[in-house]
Amino acid sequence: MKHLCRIRAAAVTAAVILASLIFLYFGTAGYWDLGISDRLNQKESVTNKKIYIIGIDDRTLKQYGSINTWSRNIPAKLVSILNEVPDEAPAVIGFDVIYSESAQRGADDNFARVCQEAGNVVCAMSFSFKEQPEKGEDGRIVYNPYHVDYVIEPYENLKDAVMLGFANTFVDSDGYVRQAMAYLDHEEERVYSLSTRVYDRYQKNRGEETVLPAVYGRNNRFFFSYSGKPGGYSVVSMADVLDGTVDRALFQDAIVLVGAYAVGMQDSYMPAIAHNSQMYGVEIHANIIEALLEGRTQLPVSPFVYAAAGALLCGLFYVGTRKMRPLSATVLFAVLTVLNFVFGRVMYRRGWIVPVVLVPVCLLVIYLIRMVREYLSEIMRRRRVINVFKQYVAPQVVDKISKDKDFELVIGGENRHVAVLFVDIRGFTTMSESLEPEEVVEILNEYLGLTTQAIFDNGGTLDKFVGDATMAVFNAPFDLDDYIFRAVHTAWDMQAGAAAIAEKFSKRFGRSVSFGIGVNCGNAVVGNIGCDFRMDYTAIGDTVNTAARLESNAAPGQILLSREVYEAVEDRVFVTPIGEIPLKGKSQGVFVYQLDGLKEKGKEDRNEKTVSGS
């Protein structure tokens, strides 16, 4: 059993490892998990008050026209205003605008000159990527989705006058921005992103060390935490800065980002922090820069390490819950799920992206499989127990135990008014002495089958077999309508069926047997009699003893009814009064009647064929 358990645990572990790798490497499942991680970990927390956005908004476009028609004197004027007083100048000015083509030579030269004199300007460039096969370090051909096809750079004079950084925004396959590229090695030169370049310039201005984030992949990516939802940063209209409405001292020693802040400029994306909103590209750069300043960047955890750890946990969960009760297993599953999310939060803050739903899903599958297996096993076990149990005790009792939630199988009983029937095979002992054991068993089974079927057909409870005798109780364990007549009817059915069986065995073995039956009614204690580890559902009391004595006094083929039974069914039976007879163990005799038949009236409600007596 232990060996089998280890095999199952190993199988579960292997399945979880495989599922983990598929989850993390293929399809959209990994991004679905990242979406859950976004909601769990991306929290609004703008802390750096020294990042400002000068937006090229609708008011600016209305005043100065489409940005494609602008003279370069307009951005030149902006740089001049911001750097007019050196001591009040920004630490860095980042343009999320690519000035790639020369327009008016004088204005272009002026913009380049102003930027060069300022010395704190970073301008955007852009890479155009194209997937292309390349030979890897091991000599194998791999497809590089970030092969640089061409570069879009500022015009020549401006490129020489400013710092450059590529402004590409990287959108995951699910449509959300949650990663950035730190740098790219192109033509044996390392080119930094716009956000990284602005961050580096700001750190140097403050005299602080530039610490680049840890990166992964061929394109040197990293995950970052957003600091705010769309509109979380201070945004100033470019028009207000140009006309002097905004005091330039506001931007002293700050990071100033200039970029599109109008819908028509088509520079907006879906941020990971707000799945139902759009965020302008310049604001995404602001979030990346603050993440670099605050050290809130992350790397994805190794899928192999995570798969192994998750599989180990799931394997232990599988083994640990095999013998647990359902409630305990449910509590353990809930605790592990909560701890998984807590672990994900902790790891995120420590700089690692950990899948948050993979392990709970695997645990849930294991939990559900266990629950279903336990449920089916319990059904099969109960079915086997019930089928076996019904062979020894009344099926009604078994059904009551299996279905009635209020029924408790405990020691003790209740006082009920019942009808009790005893039936015994007359001449069985003598016959058994002259027959083979197998033949005796065959005859006994035939007669007991008849008595049992008659009891069940009339709604009685088969109490027990005592050798070749059968005891039945009516009106226990449940209330039974017309139970006294049902007991009488059962006796008549037994007697009627015995004639056919007697004829059958008389021809076969040359021997004939018949029944002696006694029926009584009255109060009896009905319930479980015995001890905690062995109990028997039965009825005890004088009523039962009297029924047994009636049966022992009945002649072959005779049914004896007590006075109480006869008075309850007298209008539905044919009887012959026998008179008072002494019964063993009783000081006074009991008046009894011999059942001769059943009347039509007694059969109407039962819709059965009437059996008439003499």
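A crossing of two helices is called left-handed if the near helix is turned anticlockwise from the far one by less than a right angle, and right-handed if clockwise. Keep that in mind for the helix pairs below. This is a predicted model, in which local features need pLDDT of at least 70, side-chain atom pairs count only at pLDDT 80 or more, and totals for chains, interfaces and linings use all residues. Residues are numbered from 1 along each chain as its sequence is written, and side-chain values use heavy atoms, with hydrogens and water left out.

**The chain as a whole**

The protein chain holds 19 helices and 24 strands; these are DSSP runs numbered from the N terminus, with helices (H or I) of at least four residues and strands (E) of at least two. Of its 614 residues, 48% are buried, meaning under 20% relative accessible area with a 1.4 Å probe, protein chains only.

**Two helix pairs**

Two packed helices are described by the angle between their axes and the distance between the axes. The axes are lines fitted to C-alpha atoms over the stretch in contact, and angles run from 0 to 180 degrees between N-to-C directions.

| Pair | Angle | Axis distance |
|---|---|---|
| H10 (residues 303-320) and H11 (residues 326-349) | about 160° | 12 Å |
| H4 (residues 73-82) and H5 (residues 105-118) | about 20° | 8 Å |

H4 is therefore roughly parallel to H5, while H10 and H11 are roughly antiparallel to each other; the cut-offs are under 35 degrees for parallel and over 145 for antiparallel. H10 passes H11 in a right-handed crossing. Tyr306, Leu313 and Phe317 of H10 meet Ala329, Leu332, Phe333, Leu336 and Asn340 of H11, where contact means heavy atoms within 4.5 Å.

H4 and H5, in turn, cross in a left-handed way. On the H4 side, the contact includes Pro75 and Val79, and on the H5 side Phe111 and Val114 are among the residues involved.

**Inside the protein**

Which residues have the most contacts inside the largest nonpolar core? They are Leu421, Tyr447, Phe515 and Ile517, in a core of 46 residues. Such a core is a set of buried Ala, Val, Leu, Ile, Met, Phe, Trp, Tyr and Cys residues joined through side-chain atoms within 4.5 Å. Helix H16 (residues 483-509) gives the largest share of this core, 13 residues. A second, separate core has 42 residues, including Tyr52, Cys115, Met238 and Val241.

Terms used
Buried < 20%, exposed > 50% of the residue type's maximum accessible area, 1.4 Å probe, protein only. Parallel < 35°, antiparallel > 145°, perpendicular 65-115°, else oblique.
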